[in-house]
Number of protein chains: 4
Amino acid sequence: MSETPIIRPVRSEDHAQWLTLWDGYNEFYGRVGATALKPEITAMTWARFFDGYEPMHALVAEQDGVLLGLVHYLYHRTTLALAPYCYLHDLFTTPASRGKGVGRALIEAVYAKAREARAARVYWLTHNTNATARVLYDKVAEESGFLVYRHPL
Amino acid sequence: MSETPIIRPVRSEDHAQWLTLWDGYNEFYGRVGATALKPEITAMTWARFFDGYEPMHALVAEQDGVLLGLVHYLYHRTTLALAPYCYLHDLFTTPASRGKGVGRALIEAVYAKAREARAARVYWLTHNTNATARVLYDKVAEESGFLVYRHPL
Amino acid sequence: MSETPIIRPVRSEDHAQWLTLWDGYNEFYGRVGATALKPEITAMTWARFFDGYEPMHALVAEQDGVLLGLVHYLYHRTTLALAPYCYLHDLFTTPASRGKGVGRALIEAVYAKAREARAARVYWLTHNTNATARVLYDKVAEESGFLVYRHPL
Amino acid sequence: MSETPIIRPVRSEDHAQWLTLWDGYNEFYGRVGATALKPEITAMTWARFFDGYEPMHALVAEQDGVLLGLVHYLYHRTTLALAPYCYLHDLFTTPASRGKGVGRALIEAVYAKAREARAARVYWLTHNTNATARVLYDKVAEESGFLVYRHPL
């Protein structure tokens, strides 16, 4: 058994395992049961990872054929740089694999990808009550002091 | 003299007035003097507003030929919807025009545009210390409880 | 009854009439019956016209509530210009409305939109046997001498 | 000395050699001297190859550290498929390396990349007088019978 997971782009054959992770992530944010993400959104998001026109990507952490975590990120424009920003959209690791550096490895893999893609910045959002995750985030990034306002349409 | 400003897409001939607003906005966030935004970034951002391939737009508030405010927004993908999200990137009004509904009108104009563009959500970031602006934001949107972590590359 | 059709962006309520035109267009190119375009492609294409992230657009020619023609266009990058190219992807008018300037009005409306979007060029493809259409095309554009090679994946 | 060139994505350190190839390609199409491509276009195109938001890419053929050819390609939407089309924009090999399969290897590398990116089709344009290139193109793709009309703005 390998000591540490490898971080690599998601592949077609990962679909079933990725879906389990994705469902776990969505459940954490309350998107389960009556408020679950619609299956057509999940299908479209999965398709976009493989669509060369879409600047949206997924990496997974794999150990001995088992997926332990996922990270999704995308590039978008900013008015403040020539280069794009990289938005780390989703991060999730299985409960059993927590505290072993998997989340950190996923974030750092996004840093490496975003550097290759000449992005000016990697950023993400987290709920202010997400204390466990924030212990990690405070080690690898800066809490900017910015809050998110939103308005559904 | 008209009572209320009109909100409209920015035009080529607005460049000089837009630049004054843009500089004011950047100064508010400390991007002035040694830390000013590079002129080539401002030039590129301006060009992107008019480039049909770039999903980045600018509206201005105009009253009797004078620009009182600007708002910049862009669309990007999300893993959580078929439709894009609308990121309201920058909002600024001249000191003299504050408290008169200009900021609110600019935000609501973005809501209207984003609805036409079938976006799922409009969102923006603001610093937690930006108390004055937050009075308005709390009226027109929801403070989500999400914080921004970031990492420069 | 109005003399000439108006050219305007497609709207949600045009769907049924647009679909008839789209089917007519596809039939012209042999995409009918067993080789018809899949309904999910048509649904996606329709959705993309209204999606603010997608640089794909549709105009229609309308006369007294009746759609006489459609044109679809999109912007994409080029290695040869800072600005995007505008690809006029599809053009169709009803058989009854031909020879009345509807096709020409649709093409010229794309020129106007593409100019606003600062595109460097509008271009399109037509089959070398499409003699009727080429009479019009030779009046409004230049036959470039370039041929299209293609390879399905 | 290696027998065959390797085909790989372009890298920062290739800039000088890539520029020589790019100039040769542009000269072939008459973009030289008074009609040369502006340096800022070349600079932007180069930057776009490395920008993770731009769906534009470059591959080069390298043999023992020497670049023998380039190919540029990009993805764009189509109304006729869910997946994007891959437009093979530019192809060039040094005069000395012609007739040795370099052009074919570059085209086939684009096919492989476009397949990974789930594109529905790879296509390109060539002038009808480009007889030498068409001998190769007729082997690896289909001459579609479509002609290109264009209109500068």
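Predicted model: local features only at pLDDT ≥ 70, side-chain atom pairs only at ≥ 80, totals over all residues.
Figure 1. The side chains of A:Arg77 and B:Glu54 meet in a salt bridge, with 2.8 Å from N to O. This pair crosses between chains. On one side, A:Arg77 belongs to the loop between strand E3 (66–76) and strand E4 (85–93) of chain A. On the other, B:Glu54 belongs to the loop between helix H2 (39–49) and strand E2 (56–63) of chain B. Side chains of opposite charge can pair when their charged atoms come close.

**Figure 2. The salt bridge between D:Arg77 and A:Asp51.** The closest N and O atoms of D:Arg77 and A:Asp51 are 3.5 Å apart, and the two residues form a salt bridge. D:Arg77 lies in the loop between strand E3 (66–76) and strand E4 (85–93) of chain D, whereas A:Asp51 lies in the loop between helix H2 (39–49) and strand E2 (56–63) of chain A, so the pair joins two chains. D:Arg77 is buried, its relative accessible area being 3%. A:Asp51 also counts as buried, at 11% relative accessibility.

**Figure 3. A salt bridge within chain A, and the network that includes its partners.** The side chains of A:Glu54 and A:Arg48 meet in a salt bridge, at 3.8 Å from N to O. Both A:Glu54 and A:Arg48 are buried. Through salt bridges that share partners, A:Arg48, A:Asp51, A:Glu54, B:Arg77, C:Arg48, C:Asp51, C:Glu54 and D:Arg77 are joined into one network. Over all chains, the count of salt bridges comes to 36.

**Figure 4. The axis relating chain A and chain B.** Two copies of a chain are related by a rotation about an axis and a shift along it. Here, chain B is superposed on chain A by a rotation of 180° with 0.0 Å of shift along the axis, and the RMSD is 0.0 Å. This is the relation of a two-fold axis. Within chain B, the C-alpha nearest the axis belongs to B:Leu147 and lies 2.4 Å from it. Of the interface residues of chain B, 100% are also interface residues in chain A, so the copies meet through the same surface.

Notes:
Residues numbered from 1 in each chain as written. Chains lettered and ligands numbered in written order. Heavy atoms only, no water. Salt bridge = Lys/Arg side-chain N within 4 Å of Asp/Glu carboxyl O. Buried < 20%, exposed > 50% of the residue type's maximum accessible area, 1.4 Å probe, protein only. Helix = DSSP H or I, 4+ residues; strand = E, 2+ residues; numbered from the N terminus. Least-squares fit on C-alpha atoms with pLDDT ≥ 70 in both. Contact = heavy atoms within 4.5 Å.
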